[in-house]
Amino acid sequence: MYPVVVSHQDFLRQIEHLTRRRELRKNGVTAFRAYRQAEAMVRSANFDFFAPILSPLYARDGRPGRDPVPILRSLVVMGHLGTASITEWVYRLNREPLLARLCGLDPQQLPGVGTFYDALRRISGTLPSRSVVMRSLQRPKGVKKGKKAPPRRSGTVGRVLDRLRRHPPKLPFPHWQAVLQGVVRVSQERGLLGADPRFAAVVDGSPLASGANGRGHRVCGCKKADPCPHIYRRYADPGARVGWDSYRNCFFYGRHLSAIVDTKGGHDLPIYLRLCQGSRHDSIAGTVAFVEAEHLYPDGFSSFTGDSAFDALPLYVHLDQRGTSAVIDLNEREIDAQGKPQKPKRRRFPRADRKLRERRGRGKRPLAEREGISLDLTGHAHCREGHALIKRGSSHLGLYTQWRCHLSAHPDLPCQRACFYHDHAASLRRDPRLQTHIARGSAAWKAAMDCRTASERCFSHLKGALGLARSRHRSDGIWFAHVVIAAITMHVQAWAGVLDAAFDRPDAAKAAQT
């Protein structure tokens, strides 16, 4: 049965005199600044909208359960105070009853460690994890120092987008996603995410190491001193995989966290989170997370900023169809030795079929390409002699762009080769990868690329000050619950105006390096 809920106004009356300096000294509290910040957070965090989201998770009859709102509020305060373990947090609540009352908990009837985990599993809809016997995990191949792991197959992003168009994505852990969505809406109403309802998204990923052993345990009778020829082993965390951390240049056993961070409000707040296996490539994990976020936020996104891992033509086409500006760095593998974009390999048809297509006029390249006109990395056309062409206009649908020779505007300039396009305009099909809404190399492009560091600051705060890097969970449900609670803590810190001080905390950078 759903528990009796204490409203936010009643909760504020209960904690009205708790954080006075005299009361803090009476309870042996010396960290006055941390308690003041925690008080400001719990006063500004109105979680009354959690009740309609969490009420379907409880039975209609039976003994009333424990109210999950104070438990979630205490976990938010736990992240702000830098505690990463729920076990340590329960011990601290027992030692400091004033802190328990500040979170809305009764010091005489504090929930145990199992109660906290039961509440998180109930919201996640998962059971306690069990060890699973499966094939031994292999490390990714072809990794290089300082580089991301290469994708195992080409064209995966296009196939994933086609599948997501045919079958709408089903959001993982829908109750946690609804809770985070409600928190994001409150941040929008308070003006922390900008005035525009469309988000300016920065997409990036970061590894999360699991608390289990990545090598597994033997299930055969082989001795420990002897080499084991069997390929099956027992793993305590079946959802984790072996991945490559390009920042630290090491392999890790865990999960891949993809985050979408908004940059318009200036607070670097996460608006959508997605957990994937550690072996998943950034382009696939980030693309899936972005498409799921589009279904969660119907207003859409004004821009998509990412690194060179997202340099895939199907993603550019998808963003172009949605009216989203793509700000993505070009991949080095797609650039030749002369610094020009490589041309895609053309499909070779049988000889008879190729001649038939040429007779029908469908097998030849466009006339502009046969004359040597091509696009550079900034999306501008150049002729065979290397002269930059002048943009004349585009078709009504924006599919083709017309270019004219620079000699038509400056006839006194010399040119060693007279071509057909000296007096005629050249039509080139628009390339959404090179001809983006924001021109590559422009001042607006550089300003948008500078915002890409918002995701790095967000991950540094989540994993450092809020303790995600020090967590050692072993199940998808608990991991995602901890990640969402850390994101909610960032939003609540922004509501209370203590987020900037939390960013500057000295233990945040030290914990982020571990």
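Q: At what angle do helix H5 and helix H8 pack, and how far apart are their axes?
A: In this predicted model, helix H5 (residues 68–80) packs with helix H8 (residues 113–124) at an angle of about 105°, and their axes are 11 Å apart. Angles of 65 to 115 degrees count as roughly perpendicular, so that is how H5 runs relative to H8.

Q: And which residues make the contact?
A: On the H5 side they are Ile 71, Leu 72, Ser 74 and Leu 75, while H8 contributes Thr 115, Phe 116, Ala 119, Leu 120 and Ile 123.

Q: How many of those are nonpolar, polar or charged?
A: The contact of H5 with H8 has 7 nonpolar and 2 polar residues, with no charged residues.

Q: Switching topic, how far does helix H17 reach?
A: Helix H17 covers residues 476–496, which is 21 residues, and spans 30 Å from its first C-alpha to its last, close to the 30 Å expected at 1.5 Å a residue.

Q: Is H17 largely enclosed or largely open?
A: It is largely enclosed by the rest of the structure, because 19 of its 21 residues are buried.

Q: What comes just after H17?
A: Gly 497 follows, and it takes a positive phi of about 80°.

Q: Zooming out, how many helices and strands are there in the protein chain, and what share of its residues is buried?
A: The protein chain has 19 helices and 14 strands, and 45% of its 514 residues are buried.

How values were computed: Residues are numbered from 1 along each chain as its sequence is written. This is a predicted model: local features need pLDDT of at least 70, side-chain atom pairs count only at pLDDT 80 or more; totals for chains, interfaces and linings use all residues. Side-chain values use heavy atoms; hydrogens and water are left out. Helices (H or I, at least four residues) and strands (E, at least two) are DSSP runs, numbered from the N terminus. Buried means under 20% relative accessible area, exposed over 50%, partly exposed in between (1.4 Å probe, protein chains only). Axes are lines fitted to C-alpha atoms, for helices over the stretch in contact, and angles run from 0 to 180 degrees between N-to-C directions. Angles under 35 degrees count as roughly parallel, over 145 as roughly antiparallel, 65 to 115 as roughly perpendicular and the rest as oblique. Contact means heavy atoms within 4.5 Å. Ala, Val, Leu, Ile, Met, Phe, Trp, Tyr, Cys and Pro count as nonpolar, Asp, Glu, Lys and Arg as charged, and the others, Gly among them, as polar. The expected span of a helix is 1.5 Å times one less than its number of residues.
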